[in-house]
Amino acid sequence: KFSVGSRRATVTFSPDGRTFAVRGNTSGARLLDAQRGQIVNMFDDQVNMGPYSMAFGAEGRRLAMAVGAEIRVLRVAPSHLNGTTVASNPGPIRRLAASSDDGLLALGRDDGKIAIWDLRLGRLVQTLRGHELSVLALAFVKRPDGSWLASAGGDGLVHVWDPKAGGEPLRTLPGNSGAVYAIAVRPDGRQIATGGGDGHIRTWDPVTGRPDLPLIEHGFPITALAYDPTGAILASGGMDRTVRTWSATSGGRRLRPLVHPCHVTGLAFSPHGRLLA
């Protein structure tokens, strides 16, 4: 069995690639220098428990954290950190995603609902209902006329939404077998990748909902996915303690498996694409 519990890791790079944030071993979070590997700041005073999910804002000056049933937004600077709770008690939050324009937060809940929080308005603007079990993965999809949102859950469903319009999903992507733990969107917004308990990566065109590539076999349950900034490489991490890299255009293997000492539960490329955390 694979269990998604409170110790699930999360990692995210700042937009300039100089720092990245990771969950602490027991509580709080750490901001590290990406080149030296040294801790730049610690968030223990602002966050009294380990955040389940984190996302930098578009300009890297703010870091949003899902902490229990709260969303904390911290202002990040080399020697100054302060935070505020922007949403309280929206329900137990499983995943968090930030839109590229820094205006919307999507909060995936244990009850299968997705809360859309508008940071500019400072309030909840939509509640999306389409999953029967916990929302395990969220990612915004870049679009010319405003971002869409892709979601995946323990029910094996993958939905594409208009987060501002609400209502029914724009489309539901078929073919998954079992829970879907990971989702990633190519930077140009033209391909969605998902992975889950069956060990296969599936890709779709978000506009048509049609499969994009043949099944890619990681071989073990997949718990993390990430595209490089060019959209040419897709990385998958799994319960087999490996990270594997694939061509996002052909599905072919790029490198030999990268061996990790533990289960891989979070992946992120740096903005310049030279580092994979």
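**Notebook: a predicted model, looked up piece by piece**

**Entry 1. Ser270**
I began with Ser270 and listed its contacts, setting aside neighbours within four places in sequence: they are Phe13, Pro229 and Leu275. I note here that the model is predicted. I then looked up where Ser270 sits, and found it in the segment after strand S24, which covers 258–259. Is Ser270 buried or exposed? Its relative accessible area is 0%, so Ser270 is buried, the cut-off being under 20%. I also looked at what its side chain does: the side chain of Ser270 makes a polar contact with the side chain of His272, at 3.0 Å.

**Entry 2. The chain as a whole**
Next I stepped back to the chain. I counted 24 strands and zero helices. The chain has 277 residues, and 54% of them are buried. I looked up the accessible surface too, which comes to about 12800 Å². Carbon and sulfur atoms account for 48% of that surface. For contacts between residues at least 6 apart in sequence, I wrote down that 40% join residues at least 24 apart.

**Entry 3. The largest pocket**
I looked for the largest pocket and noted about 1400 Å³ of space in it. How many residues line the largest pocket? I found 49, and those nearest its centre are Thr12, Ala98, Ala139, Phe140 and Val185. By type, the lining divides into 31 nonpolar residues, 13 polar and five charged. I then asked which strands each supply at least two residues of the lining. My list reads S1 (11–13), S5 (53–56), S9 (93–98), S13 (135–141), S17 (180–185) and S21 (222–227).

**Entry 4. Ser99**
I moved on to Ser99, in the loop between S9 and strand S10 (104–109). Ser99 counts as buried because its relative accessibility is 3%, and buried means under 20%. The side chain of Ser99 reaches the backbone nitrogen of Gly103 at 3.4 Å. Not counting residues up to four places away in sequence, I found Ser99 touching Leu104 and Phe140. Phe140 is already in my notes, as one of the residues nearest the centre of the largest pocket.

**Entry 5. Ala226**
Ala226 is in strand S21, one of the strands that supply at least two residues of the pocket lining. I read its relative accessibility as 7%, so Ala226 counts as buried. Which residues does Ala226 contact, leaving aside neighbours within four places in sequence? I listed Ala184, Ile233, Leu234, Ala235, Leu267, Ala268 and Phe269. I also checked one spacing: Ala226 and Ala268 are 42 residues apart along the chain, and their C-alpha atoms are separated by 5.9 Å.

**Entry 6. Arg241**
I looked up Arg241 in the loop between strand S22 (233–238) and strand S23 (242–247). Most residues other than glycine have a negative phi. Arg241 is not a glycine, yet I read a positive phi of about 65° for it. With a relative accessible area of 42%, Arg241 is partly exposed.

**Entry 7. Gly252**
My last stop was Gly252, in the loop between S23 and S24. Gly252 is partly exposed, at a relative accessible area of 28%. Leaving aside neighbours within four places in sequence, I found Gly252 in contact with Thr245, Trp246 and Ser247. I also looked up Ile216, which is 36 residues from Gly252 along the chain. The C-alpha atoms of Gly252 and Ile216 are separated by 8.0 Å.

Key
Residues are numbered from 1 along each chain as its sequence is written. This is a predicted model: local features need pLDDT of at least 70, side-chain atom pairs count only at pLDDT 80 or more; totals for chains, interfaces and linings use all residues. Side-chain values use heavy atoms; hydrogens and water are left out. On a 1 Å grid over the protein atoms alone, a cavity is a set of points where a 1.4 Å probe fits but cannot get out, and a pocket is an open set with protein on both sides within 12 Å along at least five of seven lines; lining residues have an atom within 4 Å of a point. Grid points are joined across faces, edges and corners, and a volume is the space filled by probe spheres set on the points. Helices (H or I, at least four residues) and strands (E, at least two) are DSSP runs, numbered from the N terminus. Ala, Val, Leu, Ile, Met, Phe, Trp, Tyr, Cys and Pro count as nonpolar, Asp, Glu, Lys and Arg as charged, and the others, Gly among them, as polar. Buried means under 20% relative accessible area, exposed over 50%, partly exposed in between (1.4 Å probe, protein chains only). Contact means heavy atoms within 4.5 Å. A polar contact is a pair of N or O atoms within 3.5 Å; within protein, one must be able to donate a hydrogen and the other to accept it, and residues adjacent in sequence count only if both atoms are side-chain atoms. Accessible areas come from the Shrake-Rupley method with a 1.4 Å probe; for residues, only the protein chains shown count as cover.
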